[in-house]
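I opened this model today with a few things to look up. My entries follow in the order I made them.

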Number of protein chains: 2
Amino acid sequence: MIHPTPRVLVADLREHLGRTVSVCGWVNTLRLQRTMQFVLVRDHTGTAQVTHRRPGAADPLEERIEELTVESAVRVTGLVVENPAVRLGGLELVPERVELLNRAGTPLPVDEHTGLEHRLDWRFLDIRRRPAAQLLFAVQTTVEQALREFAYAEGCTEMHTPKLMGTASESGAEVFELGYFGRSAYLAQSPQFYKQMAIAAGIDRVFEIGPVFRAEPSFTSRHATEFTGVDLELAWTEDVEDVMAFEERMLAHTLARVAERHGAAIRERFGVEVTVPAVPFPRVTMARAQEILRAGGWDPEGKADLDPEGERALAAHVRRETGHEFVFVTHYPAGIRPFYHMRAAAEAGLTLSFDLLWKGLEITTGAQREHRYDVLLDQAAEKGMGTDSLRDYLNCFRYGCPPHGGLGMGLGRVLMVLLGLDSIREATFLFRGPNRLTP
Amino acid sequence: MIHPTPRVLVADLREHLGRTVSVCGWVNTLRLQRTMQFVLVRDHTGTAQVTHRRPGAADPLEERIEELTVESAVRVTGLVVENPAVRLGGLELVPERVELLNRAGTPLPVDEHTGLEHRLDWRFLDIRRRPAAQLLFAVQTTVEQALREFAYAEGCTEMHTPKLMGTASESGAEVFELGYFGRSAYLAQSPQFYKQMAIAAGIDRVFEIGPVFRAEPSFTSRHATEFTGVDLELAWTEDVEDVMAFEERMLAHTLARVAERHGAAIRERFGVEVTVPAVPFPRVTMARAQEILRAGGWDPEGKADLDPEGERALAAHVRRETGHEFVFVTHYPAGIRPFYHMRAAAEAGLTLSFDLLWKGLEITTGAQREHRYDVLLDQAAEKGMGTDSLRDYLNCFRYGCPPHGGLGMGLGRVLMVLLGLDSIREATFLFRGPNRLTP
């Protein structure tokens, strides 16, 4: 090895006072003065000051520092010394060697005034230079870790369902089609059918985090053509209530972990207070939700569903009444739900389904599934769906499929609400939309 | 709720002796005798005997049991009583109610003599009825959990890279193309470019488990058109050795977890002993590997790479010499490696790359990546690759991309070797190959 000095993270420098170490990171700021050269080097844990006094004679180190540019990748080897005058931890690094590992061209293609779309074009620089963006992915990791922790403890098995399908079963219009060895294949819009197949396969509780694909020409702040879905399916549920009870506990656990690990940083970087929600979350039927909204002057314009404005107004109402950020909207009319949602025994026009709104944004759809083959056939026929393309799915219900229910949650939407972001584009590493397939 | 008695898992029945509980599961076996009816009910934790004495007069319970079929989904509510004569835990359930929740048609489309392809057609029944298949997904969950546990502890951030790409960059021939709002998109063959983009974005260590897509018309026992990839990328590595050292520790940790949690069950169901490997794993250069193989009579037929037969022979040699199941093959010739693998400083014809073989099967490819923009351009040109479709990728190396290295591992292959399976088809929930897009 050419570099016998160990890499030390900026956050750990104080433990190495008086020793020679290497710091690896990016040039955050250069201050090249007449007698002094200051280089602020940033890694993912913090920023450290490198202080070099110009010797007044030919000095390779001085020359090397002059060559640096902002955002260049460098390795600086030097002595860690105490200096109370330095705001960055009261420490500085007196360099012995500065290695320019990858020079950043100048000027940089983005700066702090760059608009969103251009930032997305240069997403790697956008993320690298903004501590808030770095934090977002740390929070994402914690969210997933906490979701899995909860799911594993509750007996879930992690499954990977196929994204390539032989038929465009669930809803042909919004499905991507691809060439597949002389025929067509389709990208899964959700793991819905396959996670139900896992239930039929005797997997007691199914958990998956993976990509889902929607060929929707939507340009809103909350839609993407590819996003990360969190999917759950529970066997032997008696009612959709079992699914809601699972989800609210899972989210409470997850937000407790986030608050514990990142609460202070989220407050600092995003100005948002992470609240651990009380369980149970409020529940309101769709019929009651519409009454509440109409009383508040909202006009459903004949629609059976809530529009984004309605969702926000309902959430605000619930917030006022209960102080809660979450609300389950339940008992959606069958006409606006998929054929596989179970109908309410007491009222066949209603489904045993729910959406979960968080601060007015829908983050989850869930339901008790219809597991009775004959009823499922009827409900598919009622929606005008041909059973040929559903054959493999329907077969699952002919040989002992247990009752079950589940949900799908959008990870990007959860992060968007959690961190108070304006757009799903900011909550995604590399956003994909109808007009964006790059970088 | 109609069912006030709680669901109890079969494995927990003894804790409920003398109480009335519900067991939810499938009819595993029916023995309908003249005076007695025995129903063996199986859930994911075990099998319990339900014992009903025919009362000799009209009895709705007796009739209900007569209607059952094998693999029907049932909920049986009854008293848990001790009976030392019962082999299944010395317990039986004296039923008060038997609910047929979903009847299984007869005959079942698969039985214990069914061949692999037909079993795959009815994969949900294949998995439900074979305890070994159930175990496989429990092991998969443990493997992933352990990989993440290790990765998190080592500072990895979980990323979700896009599967939809705007250009067929890495290798056009094996890429699936799809229609995308009037243009073409392509499915990612690996997260390679995007995880490197995450490194350029300042994510220190990148971890991802997700689907990868290969449009290869391969019909071997180890290829699939869609499989689950485990991807890792580490910033600031000095050499590919750092990547290998990470991987061997990660696998040793993972196999220790598997041995601890499933060792006995894997021995019983698969006849395989799970060995926790010692670190470091043996390493052998490709040049040395070829010498070893030629000395053993293997004919490379002019190929610079190892064929499956060569991989098995090499692994057997290493096993004899060192007792180790794993071997890193290093320093592959540049001609058979992608353009982004870094070349050895001492010998430009060789790459700083490796494959990891486990019991003779390649489970991982890894490398130190070339992070110097000019060198990368030269290496792409040398491979005859146009830089237009690589533009977004190459831009990452113009603004301070740190040195880095990483690896990709096939989850299905790991499970295949771990459990001694003949085919990747058995190690996948729903296999996808050139001839298989269903169920």
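**Entry 1: a salt bridge within chain A**

Which side chain meets that of Glu71(A) in a salt bridge? I looked it up and found Arg128(A), at 2.8 Å from N to O. I note here that the model is predicted. Next I checked where the two residues sit. Glu71(A) lies in the loop between helix H1 (60-66) and strand E4 (73-82) of chain A, and Arg128(A) lies in helix H3 (residues 123-129) of chain A, so the pair ties together parts that are 57 residues apart in sequence. I also looked up the total: over all chains, the structure holds 74 salt bridges.

**Entry 2: where chain A meets chain B**

How many residues does the contact take from chain A and from chain B? I read 98 residues from chain A and 98 residues from chain B. The area buried between chain A and chain B is about 7900 Å². Carbon and sulfur atoms give 64% of that area.

The rule finds 6 salt bridges across the interface of chain A and chain B. I looked at a salt bridge between Arg75(A) and Glu238(B), whose side chains meet at 2.9 Å, N to O. Between chain A and chain B I also noted 52 residue pairs in polar contact, both at pLDDT 80 or more. Which helix gives the most to the side of chain A that touches chain B? I found helix H4 (residues 131-153) of chain A, with 9 residues. I sorted the residues of that side of chain A by kind: 54 are nonpolar, 24 polar and 20 charged.

**Entry 3: the sheet of chain A**

I traced an open sheet of 8 strands in chain A, in the order E6-E10-E11-E16-E15-E14-E13-E12. The pairing is mixed. Strand E6 (157-158) and strand E12 (283-285) of chain A are the edge strands, and each pairs on one side only. I followed one pairing further in. Strand E15 (residues 361-368) and strand E16 (residues 404-410) of chain A run antiparallel, joined by 5 bridges. Gly366(A) has Leu407(A) in E16(A) as its bridge partner.

Helix H6 (residues 240-270) of chain A packs on this sheet. Its direction makes about 20° with that of E14(A). I compared helix H7 (residues 286-295) of chain A, which lies across E12 and E13 of chain A and runs at about 85° to E12(A).

**Entry 4: a hairpin in chain A**

I moved on to E8(A) and E9(A), which form a hairpin with 2 residues between them. Phe181(A) in the turn has a positive phi of about 50°. Strand E8 (residues 177-180) of chain A runs antiparallel to E9(A), with 4 bridges. Tyr180(A) stands opposite Arg183(A) in E9(A). Strand E7 (residues 164-165) of chain A is also joined to strand E9 (residues 183-187) of chain A, by 2 bridges.

**Entry 5: the sheet of chain B**

In chain B I found an open sheet of 8 strands with mixed pairing. Strand E6 (157-158) and strand E12 (283-285) of chain B stand at its edges, each with a single partner strand, so one side of each is left without a neighbour in the sheet.

How values were computed:
Residues numbered from 1 in each chain as written. Chains lettered and ligands numbered in written order. Predicted model: local features only at pLDDT ≥ 70, side-chain atom pairs only at ≥ 80, totals over all residues. Heavy atoms only, no water. Contact = heavy atoms within 4.5 Å. Buried area = accessible area lost by both parts, 1.4 Å probe. Salt bridge = Lys/Arg side-chain N within 4 Å of Asp/Glu carboxyl O. Polar contact = N/O pair within 3.5 Å; in protein donor to acceptor, adjacent residues only side chain to side chain. Nonpolar A, V, L, I, M, F, W, Y, C, P; charged D, E, K, R; others polar. Pairing = 2+ DSSP bridges. Axes fitted to C-alpha atoms, helices over the stretch in contact; angles between N-to-C directions.
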